[in-house]
Amino acid sequence: MIDRFNKLAQFLIGQNKKKLIFNNNFFTDDEKKFFLINNSIPDFFIEDSETKKITDIQDKFYNEIKFPNYDDLDDFSSLIDKANKSIFAKFLDEQIKFGSKILEVGCGTGQLSNFLSRYNRKLFGIDLSESSLAMAENFRIKSDIDNVYFMKMNLFNLLFNDNFFDYIISIGCLHHTQDPKKAFFSIEKKLKEGGYIVLGLYHKYGRIYTKIRKMIFSVFGEKVFFLDKYLRNKNISYQKRLTWYKDQYKSPHEISYTIKEVLEWFEEKNLKITKILPIENLDINSKLFDDYSKNCNNLGMKEIMLALNVSHASEGGLFTIIAKK
Ligand SMILES: C[S@@+](CC[C@H](N)C(=O)[O-])C[C@H]1O[C@@H](n2cnc3c(N)ncnc32)[C@H](O)[C@@H]1O
């Protein structure tokens, strides 16, 4: 562990931009600022006063629900099998370059970071939830993965140099913050020129069904759980269904967007879009990172069609934009 933490310190900077030093059982950037380690998870959390209110609420909420659940994953090969069932995760693994440095923002229980750990990549998974990070770390240790670092960090106060990462991935996280646009700018700063960002957010129309089901569940309770594809699937463990239920229907704060709204953030930062999912379909020849999207025509209409896309809605109504800096 000591060697690991010394190595980790080399990738980090303190708030005053000075190098972090690992000192037996804590990290420090000067004599005054200390970052402790709780159950093998370094705690680099630094408050951001503007977004504190919701950050504190999410910290508490996601400490209680650990998402996504590991319960059917015994080892690394079962994680690979599971992840490969998602064509998106499989393509990420196949198409992210060998040896790249990757930041996963809001990694939750770290399944994606652990999954992407092959091919000599270096992954840094950050989240607020200590209990989720503990699950991520347990799986990492059990699977003998050396090149993934999990830590508690606030995405509004990232202790990495600007222009540092080759890839930044954030799926299902920024829409749970007080100011998702500010969150996007905060993480984008850490991306290298030529690096790629992968951002997954709730879609305004795709989310409508979830909102309707939420209202129905609040009146009729478990009797009508069959309305949700995951909740009615008895092949999924009760614990896992409960986690899905809480994440989808009990979240204390979420904001949803149209793709058009979020594309404006990318434009403001001059990022070049390479893929928009599920506006474009993935097929065997799809390239996530170098197939520039010529497909933004009629975006408004395609977005409305998303509201009618039942399979998209049943997955929680996420859309993903991938872009190059
Ligand atoms: C729905 S979970 C997504 C987990 C994972 N990315 C996935 O797709 O399964 C959202 C995660 O974002 C984290 N989160 C929310 N606000 C955050 C913040 N300010 N800084 C870091 N993580 C945050 C939560 O703790 C939670 O684990």
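Helices (H or I, at least four residues) and strands (E, at least two) are taken as DSSP runs, numbered from the N terminus. The structure is a predicted model, in which local features need pLDDT of at least 70 and side-chain atom pairs count only at pLDDT 80 or more, while totals for chains, interfaces and linings use all residues. Residues are numbered from 1 along each chain as its sequence is written.

The protein as a whole has 12 helices and 11 strands. Its radius of gyration (taken over C-alpha atoms) is 19 Å, close to the 20 Å that the globule rule (2.2 Å times the number of residues to the power 0.38) gives for 325 residues, so the protein is as compact as a globular protein of that length. The C-alpha trace spans about 55 × 45 × 40 Å along the principal axes.

An open sheet is formed by four strands in the order β1-β2-β3-β4, with antiparallel pairing; two strands pair if DSSP finds at least two bridges between them. β1 (21-22) and β4 (41-42) are the edge strands, each pairing on one side only. Strands β2 (residues 26-28) and β3 (residues 34-38) run antiparallel and are joined by three bridges. Within β3, F35 stands opposite F27.
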